[in-house]
Amino acid sequence: MPDTAIECRDLAKSFGRSCPALPALQGVSFTVARASVCALLGHNGAGKTTTINILSTLVRPTAGSARVAGFDVERQSAEVRASIGVTGQSAALDEFLTGRENLTLFGQLRGLRHRSARRRADELIGRFDMGHAADRRVSTYSGGMRRRIDIAVALVVPPRVLFLDEPTTGLDPRSRRDVWDLVSALRDQNVTVLLTTQYLEEADVLSDSIIVLDSGRVVASGTADDLKRRVGVSYCQVTPADPIDLAEIATALADFAGCGTDCGALIDQQAGAVSVPAPDGIVTFGEVFRRLDGLGIELADISLRKPSLDEAFLDLTSPAVTV
Amino acid sequence: MVVNTSVTEGIPYEASLTAFARQSALEAGRLLRRWRRDPIVAVQALLFPTFLLVIYKLLIGKAVLAVTGSDSLYGLVPMCAVVGAIFGTLGAGLALPAERESGLLTRLWVLPIHRASALTGRLLAEAIRTAASAVVLTAFGVALGLRFAGGWTAAVMFVLVPVMISVGVATAVIAIAVRADGRAMVTWLGAGCVVLLFFNTGVAPVALFPSWLQEAVRLQPMSPTIEAMRGLAEGGPLLWPLLQAGVWAVGLVAVFAPTAVRGYRAAAEAGCR
Amino acid sequence: MSALAALTLRTLSGTLRDADLLFAVLAPVGCFLGFTLALGNLIHTGQMTYPQYVLPVVIVQAMLFGAMTTADRAARDRLSGFGVRLATLPIPAVVPLAARMLYCLIRAVIALVAGTAVASMFGFRMAGGMGYAVLFVVIVLAFAIAVCLGADALGSRVGSVESSSQLLLLPQLVLVLLSTGMAPAESFPAWLGPFVRYQPVSQVTETLRGLASGHVSGAGLAVTVAWCIALMALFGGLALGMQRRTRWS
């Protein structure tokens, strides 16, 4: 298999008759390396699900091309489907069948003989710790269990590329942790994972690369650190014990921000803190501390912060258009 | 959590006919298992027609015997078998919108299987279910007094005839159920079929209907199937009604198959955002 | 009081979406046409024409249909998020039930009008005068409320939305088709006679037919009224009890 697991070139998609003629995708290009985890970020309506739909051969692009696991999605769609696993936003299972029956069915549909399918189902049930619920109907499962069986079904024949559409939405923290561990383990076993998510923390922690979509275009791509660096530098945040001191602190630190006498902008009333850029990192931090110490103002907190992915994301994307 | 990914790597996409048959059989198996557990389908495909058979026999048995001289069962058992076929299909059709919404259709669509196998599998399941409920109804009918003039061969053909019309109706129901407003449309179709329940030749001899209604009663899709089955059991005209029933079945499939295929694909591709 | 009005309106607008009121009209019309045209020449009803004979059972059937959709609605109200929220509001438990029953009444009136209208096109007449006609309507509506209360109790109890109405379909089939509302008791096999003659649907339709034609037996009327009152009391109690039970039991 080639070194890039996923390749998109100028993908475009507009939905014609039934939807308004807003192009869902306008020239999306990116690559995902083999055995890595890539996160697709974007508001609702940015084009994440459409991209995944095209890559899983569900939908044909209006223009552009894409290759998954080395196969062209349009001309070799059958081979693509044989190499991928997909999970959607809601667990797509047959509600009337048990977990075990679902796994066996999908195993057989993927080409396993009945006995191998059953064996594989048992194995997955063990790995995902679902023994107690495997023989109950899926309609009785809790959200976390559904998600687990959903992912297990996608893995029943190990795919080369796994598409996860918002895999941890609605899960409790423990289940979310489990999914993260699974994704990392899969990456270590040479599976390429492309996931969409609204949780920036998830993208930050899990992914080797991030692609930010906005209104059907790629507005940024790179590692989490790359994106954070794009937005700005670290900054130093000072929280006084008494909010009355905010103005005085702002004046004292005015030259760090280079804003002369009018420094209202430095003050974050809601957080009750003053923030100044800290281009020299810990050195700036030391300077700030020394200066405030001299003033004798009582501080509740002082810290050095990296820009968060939230800020990077908000900076890169436009406000969400209500769909 | 380590998942063993080294085993069974690289199952190739099979393009052969056996694979297609196998995948259709798998889909049929899934649906039959599901229907066994779905109360709506059980009621509509089995309980409802059985009850109807017994009740109608009690209600009009004497009257029909007086008017026509033959047992009402020869009209009622075929009618109830066809009712079971049609209403069972409607009940199964009601489950389709749920499968569409949950994304199950989509997931099946994205597997390395023949995409046509989804539909052929479904039709196969419909045929099997219809035959099974026809067997049950015939057994009831025999217990109530139905006899086959043509012996065992006639009995076997008897339970297979409703399968024809059920495949036709199933194609139409699929075409309707996969639409976005599928649930409502199937309910309306069900209401329409209830009309058919009254106006067919199984419940009363054609001559007893008002004259302006008789042609319609004779020609509606249930009647030729009923007459063909009646011919098999009682011994009477067989070829002509069988031909008519065949025309209905083929006609329904021909008209609705393209829409069903297109609609199923659209449902699997989950429309647009 | 305004909570009652608001909830009733909500039920009404909900049913506009699934065309329940349209079904309320179509069901009695369809049943009447089906029975009259298919079975009219088959079943002998002596002096009376079949339309005159069969209308009462068509009305009763329409009321039972209404009860089936009530069961669905009750189940949905109880299981859905809306129903759970309703339970946390400071309104007495009887109000949502009353709203559903009010809707039931409205539906029953519509079905009654539709059924009688189509039957009169085939010759049905209320020959008993104003007093009997009023009694006719009152009994129909009382019967409707009684079965709706029962269906509501059932719907509030059963697990899923789909199974509640399915469960009611079969008993309804038996009670309606095996009654003297469809055909005189003599047309049925002899051993079935007692069941056919005395089951509640037969009682009610006999009385209604008597009221429509102007000759009603006092005993029959008394029995019918007694049935209606008894069912209303019994099912009313059950339904109210269902409302008061906590959701998580």
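## Sheets, helices and chain contacts in a predicted model

Visitor: Over how many bridges do strand β1 of chain A and β2(A) pair?
Guide: This is a predicted model, in which local features need pLDDT of at least 70, side-chain atom pairs count only at pLDDT 80 or more, and totals for chains, interfaces and linings use all residues. Residues are numbered from 1 along each chain as its sequence is written, with chains lettered from A and ligands numbered from 1 in the order in which they are written. Strands (E, at least two residues) and helices (H or I, at least four) are DSSP runs numbered from the N terminus, and two strands pair if DSSP finds at least two bridges between them. β1 (residues 4–14) of chain A and β2(A) pair in the antiparallel sense, and the number of bridges is eight.

Visitor: Which residue in the turn between β9(A) and β10(A) has a positive phi?
Guide: β9 (residues 209–214) and β10 (residues 217–222) of chain A pair in the antiparallel sense over five bridges, with A:Ile210 opposite A:Gly222. The two strands form a hairpin with two residues between them. The residue with a positive phi, of about 50°, is A:Ser215.

Visitor: What is the radius of gyration of chain B?
Guide: Chain B has ten helices and zero strands. The globule rule (2.2 Å times the number of residues to the power 0.38) is set against a radius taken over C-alpha atoms. For 273 residues the rule gives 19 Å, and the chain comes close to that, so it is as compact as a globular protein of that length, with a radius of gyration of 21 Å.

Visitor: How far apart are the closest C-alpha atoms of chain A and chain C?
Guide: Among the two pairs of chains that touch, chains A and B have the most contacts. No contact joins chain A and chain C, and their closest C-alpha atoms lie apart by 11 Å.

Methods
Contact = placed C-beta atoms within 7 Å.
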